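Please keep the sequence and the structure at hand while reading.

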Amino acid sequence: MNARRARTTIVLAGFALVAGACGGTQPSSTSPSHSPQPVASSPSPVPSPSAEAAPNPAPNVEGRPYRPDLPPPEDFVAVVDNPYMPFIPGTRTVFEGVSDGQRERNVVLVTDRTKVILGVTTTVVHDQVFSANGDLAEDTFDWYAQDRFGNVWYFGEDTAEYANGKVSSTKGSWEAGVGGAQPGVVMLAQPTVGESYHQEFLKGEAEDVGTVVALDESVTVPYGSLDQILVTEDTTPLEPQILEHKFYAPGVGVVLERVLRGGQEVSRLVSYTPPP
């Protein structure tokens with residue numbers, strides 16, 4: 001979820017090329033791809049831990065400095081189960097496509113690992129991007145936690161880009177509470193159209209902002225046809241030329257990402273494996 005890539009944590013696929021793209025071998029640390037049968041509609045939303053919704057705790061207000069209303073550690077819950085961003089350990093999603101003219105395959109695994117940041121126990125999500133020939137291109141560990149209201153907070157990432165099998169850059173890595181970095185919200189408990197929020201914040205490094213633009217869209221991706229889709233518009237002042245839309249299905253999470261301005265990147269979900 002940082003400015004080093006317009007696609008956020010999951011930069012992925014292209015409409016025209018995704019069907020035959022990215023058949024490379026993955027490292028042994030990830031399990032074999034498992035693609036469930038496409039579904040006719042989105043799974044039923046999983047209830048958030050509390051019916052009570054807090055107001056936007058990470059508002060993006062033009063001209064005002066960012067001051068997140070971060071709840072105390074005791075107001076966070078053990079499992080991230082927001083309907084639009086469920087990060088249940090064992091969940092595995094696969095995306096395929098094209099970024100910067102190159103085919104890619106993206107594997108996202110919700111691990112059973114945790115990391116304590118600012119006193120909050122976060123869930124570690126492992127995000128790997130592979131090139132068309134199967135080489136590891138990016139390796140990222142993201143840290144998420146959900147407050148008792150259902151807001152999903154983003155506490156940072158440890159990321160590395162690879163070239164010729166070696167780490168070429170760690171630009172984009174950040175951790176809330178370190179060097180002025182502050183956590184952001186990547187999914188609101190009660191999203192409403194027009195609501196804008198900071199997804200992350202490290203001055204000059206990670207300043208992504210999300211805005212809810214739709215709540216009841218439909219979309220078809222290789223995984224299946226889905227409805228009740230939430231759509232966000234994602235921007236960053238660090239790359240103002242880029243405008244991206246992300247599509248979230250209840251019970252699944254991200255299913256489609258599309259750069260509308262400033263690039264030609266599209267990503268689509270091809271495989272979703274729930275926890276065992």
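Of the 276 residues in the protein chain, 54% are buried. The model is a predicted one. The chain has 18 strands and zero helices. Taking contacts between residues at least 6 apart in sequence, 56% join residues at least 24 apart.

**Salt bridges**

- Side chains of opposite charge can pair when their charged atoms come close.
- The whole structure holds five salt bridges, among them the pairs Asp75–Arg148, Glu96–Arg105 and Lys115–Glu175.
- In the pair of Asp75 and Arg148, the closest N and O atoms are 3.4 Å apart. Asp75 belongs to the segment before β1 (76-77), while Arg148 sits in the loop between β7 (136-147) and β8 (152-163), so this pair links distant parts of the chain, 73 residues apart.
- Arg148 is classed as partly exposed because its relative accessibility is 33%.
- Glu96 and Arg105 meet through their side chains, with an N to O distance of 2.4 Å. Glu96 counts as buried because its relative accessibility is 10%. Arg105, at 9% relative accessibility, also counts as buried.
- Between Lys115 and Glu175, the closest N and O atoms lie 3.9 Å apart.

- Asn56 lies in the segment before β1. With a relative accessible area of 17%, Asn56 falls under the 20% cut-off and is therefore buried.
- Which residues does Asn56 contact, leaving aside its neighbours within four places in sequence? They are Leu188, Glu195, Ser196 and Tyr197.
- With one of these, Glu195, Asn56 makes a side-chain to side-chain polar contact of 3.1 Å.
- A polar atom of the Asn56 side chain also lies 3.0 Å from the backbone nitrogen of Ala58.
- Asn56 and Thr192 are 136 residues apart in sequence, yet their C-alpha atoms are 9.9 Å apart in space.

**Other buried polar side chains**

- Ser99 is part of strand β4 (residues 92-99). Its relative accessible area is 2%, so Ser99 is buried.
- What does the side chain of Ser99 make a polar contact with? The partner is the side chain of Glu265, at 3.0 Å.
- Glu157 is placed in strand β8. Glu157 is buried because its relative accessible area is 1%.
- The side chain of Glu157 makes a polar contact of 3.2 Å with the side chain of Tyr154.

**Backbone angles**

- Most residues other than glycine have a negative phi.
- Asp100 is not a glycine, yet has a positive phi, near 55 degrees. This residue lies in the loop between β4 and β5.
- Is Asp100 buried or exposed? Asp100 counts as exposed because its relative accessibility is 64%.
- Gln228 also has a positive phi, of about 55 degrees, without being a glycine. Gln228 is located in strand β15 (residues 224-235).
- The relative accessibility of Gln228 is 36%, so this residue counts as partly exposed.

**Second largest pocket**

- By class, six of the lining residues are nonpolar, three are polar and four are charged.

Notes. Residues numbered from 1 in each chain as written. Predicted model: local features only at pLDDT ≥ 70, side-chain atom pairs only at ≥ 80, totals over all residues. Heavy atoms only, no water. Nonpolar A, V, L, I, M, F, W, Y, C, P; charged D, E, K, R; others polar. Salt bridge = Lys/Arg side-chain N within 4 Å of Asp/Glu carboxyl O. Helix = DSSP H or I, 4+ residues; strand = E, 2+ residues; numbered from the N terminus. Buried < 20%, exposed > 50% of the residue type's maximum accessible area, 1.4 Å probe, protein only. Polar contact = N/O pair within 3.5 Å; in protein donor to acceptor, adjacent residues only side chain to side chain. Contact = heavy atoms within 4.5 Å.
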